[in-house]
Amino acid sequence: MNRHWWRLKRMAERLWVRAALFCAAAIISALIAIWIGPYIPEQLTELVGPETVTAILTILASSMLTVTTFSLSTLVSATSAAANTATPRATRLLLQDTTAQNALSTFLGAFLFSLVGLIALNTGLYGGGGRLVLFAATLILVALIVITLLRWIDHLGDLGRVSETISRVERVAKEAMEVHCNNPYMGGFERTEKPDRPTVIDHHQIGYIQNIDVPKLQKIAEEIDADFYLERRPGAYCTPNLPILYVTLRNDEAGLSHELVDDIRSAFVIGDRRSFEQDPCFGLIALSEIGSRALSPGINDPGTAIDVIETLVRVMAIRVQGCEPKEPQHDRLHVPALPEFSLFDAAFMPLSRDGAAMVEVGVRLQKALRSLELMSDDGCKATAKEFLAEARQRSLDSLPYETDKARLKTCLDKQFTM
């Protein structure tokens, strides 16, 4: 994705952006009545007195500030609950919730609309026509507030719950996995080996690769007649001593200037935390963290861990059932493959370790991995089988009772309801 669009998309997901847009629209709506008022017929201007509009706006101004404060505190509490009971990696998804953002933005915008309207009324900026337009806008705003409030009340029942958090992480994990399956090499070709005598490009920043502007890299490679060999994919951790890219010039006499190297580095967005968009492993990690936390002695909720395992099967099924990648669009870019082992390790290793001593988790994990093995193509079948054997051995070494061990050994041959 183009880095500018990616940054714009990330900024649009911030809570304050939508609130600011709603506030600006509310202020403009309150002030536009000043210009529309003179065009209203005089016989209609006497239908609404100044006291009526002032009373309604006063009620809205006092109530909407309270509702906004309450809604914001509720969202903060839900985010804290998700971080404590699920995983801190999911808090950004809760803050990006459109229903919560629309509710907060509507309430805050209604407060500012009322406040600006009261100021304009008390300063005499509105004539009779302006008051009528303001009154009509106020009625529309009241209807919008009622609809938003009803949706917000219905939404509060799920906000912050572990099941809702799992569903949100599942959605973004599936999206990232589908993008990866359709474009496993980010529009380029697979890099099968390291090039001979390349120019090594590293990055001055320390952090995770959040986004790579592939079209920009293709454009630069065409301009300098070179091939780019990526060393690190999105989600990889970078330090100044680790290469992110190898460059091979087709014209050996050409060289790379410092400005050109900086331009290549600018195609990589480095941040303190991983992002979900181009990193399918991160969604799997977030889901497995939720399951591992549920298995901790302080929570001891194997049911949630089993729910996470089933969710992981749905996400991994997108990959193991085989991909139909698109034709490469960037012939100058060579990208390393994302190993199937990395996906399985991110998804199932923590649960295999933390749930090894619980027979119900062990049985469900065995069935999940066997399902993935049976539906896998040739590339993933061996990896699924390897993790199946590893998870079984961990459980057999950790289960305290022989009856549980016997049940685990025969779980793939018998039907259990757990």
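Predicted model: local features only at pLDDT ≥ 70, side-chain atom pairs only at ≥ 80, totals over all residues.

Visitor: What does the secondary structure of the protein chain come to?
Guide: There are 16 helices and eight strands in the protein chain. Helices (H or I, at least four residues) and strands (E, at least two) are DSSP runs, numbered from the N terminus. Residues are numbered from 1 along each chain as its sequence is written, and side-chain values use heavy atoms, with hydrogens and water left out.

Visitor: Okay. What radius of gyration does the protein chain have?
Guide: The protein chain has 28 Å, while a compact globule of 418 residues would have a value near 22 Å. The radius is taken over C-alpha atoms, and the globule rule is 2.2 Å times the number of residues to the power 0.38. Along its principal axes, the C-alpha trace spans about 85 × 70 × 35 Å.

Visitor: How many of the residues are buried, as a percentage?
Guide: Buried residues are 49% of the 418 in the protein chain. Buried means under 20% relative accessible area, exposed over 50%, and partly exposed in between (1.4 Å probe, protein chains only).

Visitor: And what share of the contacts is between residues 24 or more positions apart?
Guide: It's 82% of the contacts with a separation of 6 or more. Contact means heavy atoms within 4.5 Å.

Visitor: Which residues touch the most other members in the largest nonpolar core?
Guide: That core has 43 residues, and the ones touching the most other members are L284, L287, L312, M316, F344, F348 and L369. A nonpolar core is a set of buried Ala, Val, Leu, Ile, Met, Phe, Trp, Tyr and Cys residues joined through side-chain atoms within 4.5 Å. Two or more residues come from each of α8 (162-182), α11, α12, α13 (340-354), α14 (359-375) and α15 (378-398).

Visitor: Which element gives the most to this core?
Guide: α12 does, with eight residues. As for L312, not counting residues up to four places away in sequence, it touches L284, L287, A347, F348 and L351. Apart from this core lies another, of 29 residues, among them A30, F107, L118 and I145.

Visitor: New topic: is T165 buried or exposed?
Guide: T165 counts as buried, at 1% relative accessibility. T165 is in helix α8, and it touches A82, A86, A90, G160 and I290, leaving out residues up to four places away in sequence.

Visitor: What about A33, where does that one lie?
Guide: A33 is in helix α2 (residues 15-36), and it's buried, with a relative accessible area of 0%. A33 is in contact with Y126, G130, V133 and L134, leaving aside neighbours within four places in sequence. A33 and F135 are 102 residues apart in sequence, and 9.5 Å apart in space, C-alpha to C-alpha.

Visitor: Last one: what phi does D225 have?
Guide: D225 has a positive phi of about 55°, although it is not a glycine. D225 sits in the loop between α9 (214-224) and β4 (226-230), and it is partly exposed, with a relative accessible area of 31%. N300 is not a glycine either, and has a positive phi of about 50°. N300's place is in the loop between α11 (280-294) and α12 (302-320).
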